[in-house]
Amino acid sequence: MNFAIWKKAIRDGWSQFLVSGVLLFGFAWLFVWLNSLVSMELWVRLLDFLPPFAVRLIGIPLQALASPMGRLSVVFVHIVPLLIMMGWAVGRNSELVSGGISNGTLEVLLTVPARRIHWIWIPAVVWACQTCLLAGALWLGLIVGVRVVGTGNGIGYIEFLPGVVNLICMTLCLSGITAALSAADNNRWRTIWLATGIFIIATIIKMVARMWEPGAWLAYLSFLSAFEPQLLILVPEQAARLAWRYNDTLLGVGLLGYVLAAMLLARRDIPVPR
């Protein structure tokens, strides 16, 4: 019976997975090409014109950004890949419970002779593996783009790996948060809006903590404070010290969300949709 749950988890997210993977790969390739149109000298001049508050907001030494690696590392915090990864995390995990209640399928599925916890951890494992592949598609798009465009002088592809891992951990963290919200709700769209709102609030808190020195402690209230792919890529001496802390924090929050989701589903009644 667990095989049927595995099969359903793979089938449910397959179309979104394929579309997201193609978009991430294609965007990374396009990003490399667009960067090749801007000379390195112009890029350095643009960085020199940044006001002090913008430098604080970036949180990366400008000398690290003023390099081919620095330019390409922007793709890991670009709005397009972040929206795709956020859409994947929220879209898939909002379907776990509240989505099934909204479309009337969960009540039927739970009659299957399988423990309720299986309806949480099996999709979580499947979608976590697909999350890794999506981040890999973004990484592969960078590699292929650099090779095709021919701007790979001084760029080591393996050096992007810390950013890739950090992006995966952030997506899994948001996935766990969304799963917990889904297990506590009956309406999928409300779950989606709540998860999106949490992401936006976490972003705002991180920005305030970075730009307002007396409020630096606010960083502890945002899980996105542990999302620093550019720092882990461009400042290796700090990456060796911070990577485990950042990634463990994100994975811990995500795992806690899934545990909470399993506990809520195991104890709650499933209402009949109207």
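Trainee: Which residues touch the most other members in the largest nonpolar core?
Mentor: Those are Phe76, Val97, Ile120, Phe160, Leu167, Met170 and Phe223, out of 74 residues in that core. A nonpolar core here is a set of buried Ala, Val, Leu, Ile, Met, Phe, Trp, Tyr and Cys residues joined through side-chain atoms within 4.5 Å. The largest share of this core, 13 residues, comes from α10. Please keep in mind that this is a predicted model, where local features need pLDDT of at least 70 and side-chain atom pairs count only at pLDDT 80 or more, while totals for chains, interfaces and linings use all residues. Residues are numbered from 1 along each chain as its sequence is written, and side-chain values use heavy atoms, with hydrogens and water left out.

Trainee: What is phenylalanine 223 in contact with?
Mentor: Leaving aside neighbours within four places in sequence, phenylalanine 223 contacts Cys173, Leu174, Ile177, Ile198, Phe199, Ala202 and Leu250. Contact means heavy atoms within 4.5 Å.

Trainee: Stepping back, how many helices and strands does the protein chain have?
Mentor: The count is 14 helices and zero strands. Both are DSSP runs numbered from the N terminus: helices are H or I with at least four residues, strands are E with at least two.

Trainee: And how much of the chain is buried?
Mentor: Buried residues make up 47% of the 274 residues. Buried means under 20% relative accessible area, exposed over 50%, and partly exposed in between, using a 1.4 Å probe and protein chains only.

Trainee: Back to α10. At what angle does it pack with α14?
Mentor: Helix α10 (residues 118-149) and helix α14 (residues 236-267) pack at about 150°, with their axes 8 Å apart. The axes are lines fitted to C-alpha atoms, for helices over the stretch in contact, and angles run from 0 to 180 degrees between N-to-C directions. The pair is therefore roughly antiparallel, a label for angles over 145 degrees; under 35 is roughly parallel, 65 to 115 roughly perpendicular and the rest oblique.

Trainee: Which residues meet there?
Mentor: Trp119, Ile120 and Ala124 in α10 meet Tyr258, Ala261, Ala262 and Leu265 in α14. This contact has seven nonpolar residues, no polar and no charged.

Trainee: Why is α11 called largely enclosed by the rest of the structure?
Mentor: Because 19 of its 23 residues are buried.

Trainee: Let's switch to methionine 85. Where is that?
Mentor: Methionine 85 is in helix α7, and is buried, with a relative accessible area of 1%. Beyond residues up to four places away in sequence, methionine 85 touches Leu24, Thr131, Leu134, Ala135, Leu167 and Thr171.

Trainee: Last one: is alanine 226 buried or exposed?
Mentor: Alanine 226 counts as buried, at 7% relative accessibility. Its place is in the loop between α12 (188-211) and α13 (229-234).

Note on methods:
Nonpolar A, V, L, I, M, F, W, Y, C, P; charged D, E, K, R; others polar.
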